[in-house]
Amino acid sequence: MTPATGSTAPAEGSTPPRHAEETPDLVTPRRRRVVLVAAVADNGVIGLGGDIPWHLPEDLRHFRATTQGHTVLMGRRTYESIGHPLPYRTNVVVTRDPQWSADGVFVAPGVEEGIERAQDFEGDVMVIGGGHVYVAAMPLATDQVITEVHMSPEGDTYYPDYDRSAWRETRREERDGYAFVWLERV
Ligand SMILES: NC(=O)c1ccc[n+]([C@@H]2O[C@H](COP(=O)([O-])OP(=O)(O)OC[C@H]3O[C@@H](n4cnc5c(N)ncnc54)[C@H](OP(=O)(O)O)[C@@H]3O)[C@@H](O)[C@H]2O)c1
């Protein structure tokens with residue numbers, strides 16, 4: 001784990017995270033929710049050629065509202081397609097390349113390590129893709145926030161299959177051509 005310069009970790013002077021080791025009798029550390037946040041087409045497609053094959057401005061606003069104030073965990077390719085750290089969020093990028101770094105992001109050698117590292121930061125762990133990272137994070141996820149995109153575009157990256165009976169839909173907001181859906185692990 002490499003904190004690079006310009007990280008969005010809690011600023012000096014803000015309340016530091018409290019760890020069980022510091023006050024063992026008083027504090028039970030809160031396990032962060034691990035939330036997969038994805039926009040998924042009806043045919044499972046989430047990406048094409050390093051990009052997302054649709055443009056839904058309201059989904060981008062929904063994504064911002066869902067993830068701000070939390071830690072976002074993403075694969076190196078997704079980070080590079082965004083091109084910069086997401087503001088108002090602690091950014092953790094997963095890569096197997098020990099040489100890789102970028103200003104303003106923490107680097108983790110695996111998804112589990114990234115989730116573990118995020119326990120130190122404010123808010124929940126928002127896993128924001130892409131395909132490889134969703135696959136590795138699915139068994140660890142407590143929640144999913146899915147934008148169901150009602151189209152079937154060409155794609156080269158897919159959201160992983162998961163056992164629907166293991167998840168309960170807690171909220172759904174229908175829009176024209178897509179829907180925001182919240183799922184919790186049963
Ligand atoms: N629709 C959506 O909601 C959504 C969201 C995000 C992304 N996307 C799309 O998804 C596509 C990118 O997804 P992708 O699957 O190609 O790439 P990705 O998951 O973003 O990144 C893959 C890279 O992350 C690292 N990585 C992944 N899993 C790892 C693990 N378990 N341990 C260590 N490192 C790991 C590796 O980096 P190294 O090669 O550096 O080792 C790997 O090459 C793009 O088209 C993007 O636009 C869609």
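Of the 186 residues of the protein chain, 32% count as buried; a residue is buried if 20 or more other C-beta atoms lie within 10 Å of its own, exposed if 12 or fewer, and partly exposed in between, with C-beta atoms placed from the backbone. The model is predicted: local features need pLDDT of at least 70, side-chain atom pairs count only at pLDDT 80 or more, and totals for chains, interfaces and linings use all residues. Residues are numbered from 1 along each chain as its sequence is written.

The protein chain contains four helices and 11 strands. These are DSSP runs numbered from the N terminus, helices being H or I of at least four residues and strands E of at least two. Among contacts in the protein chain with a separation of 6 or more, 69% involve residues 24 or more positions apart; two residues are in contact if their C-beta atoms, placed from the backbone, lie within 7 Å.

| Strand pair | Sense | Bridges |
|---|---|---|
| β4 and β5 (residues 90–94) | parallel | five |
| β4 and β7 (residues 125–127) | parallel | three |
| β5 and β6 (residues 106–108) | parallel | three |

V72 has the bridge partner N91 in β5 and the bridge partner M126 in β7. M74 stands opposite V93 in β5, while V94 has A108 as its bridge partner in β6. Together, β4, α2 and β5 make a right-handed β-α-β unit; a crossover is right-handed if, with the strands pointing away from the viewer, the path from the first strand over the helix to the second runs clockwise.

**Surroundings of the ligand**

There are 29 residues around the ligand, of which G47, G75, G129, G130 and G131 come nearest. The elements that give two or more residues to this shell are β2 (34–41), β3 (45–47), β4 (71–75), α2 (76–82) and α4 (131–137). A residue is near a molecule or strand if its C-beta atom, placed from the backbone, lies within 6 Å of it. By class, the shell has 12 nonpolar, 12 polar and five charged residues. Here Ala, Val, Leu, Ile, Met, Phe, Trp, Tyr, Cys and Pro count as nonpolar, Asp, Glu, Lys and Arg as charged, and the others, Gly among them, as polar.

**Backbone geometry**

A cis peptide bond, with omega of about 0°, joins G129 and G130. G130 lies in the loop between β7 and α4. Y88, although not a glycine, has a positive phi of about 60°. Most residues other than glycine have a negative phi, and most peptide bonds are trans. Y88 lies in the loop between α2 and β5 and is exposed, with 11 other C-beta atoms within 10 Å.

Technical notes
Pairing = 2+ DSSP bridges.
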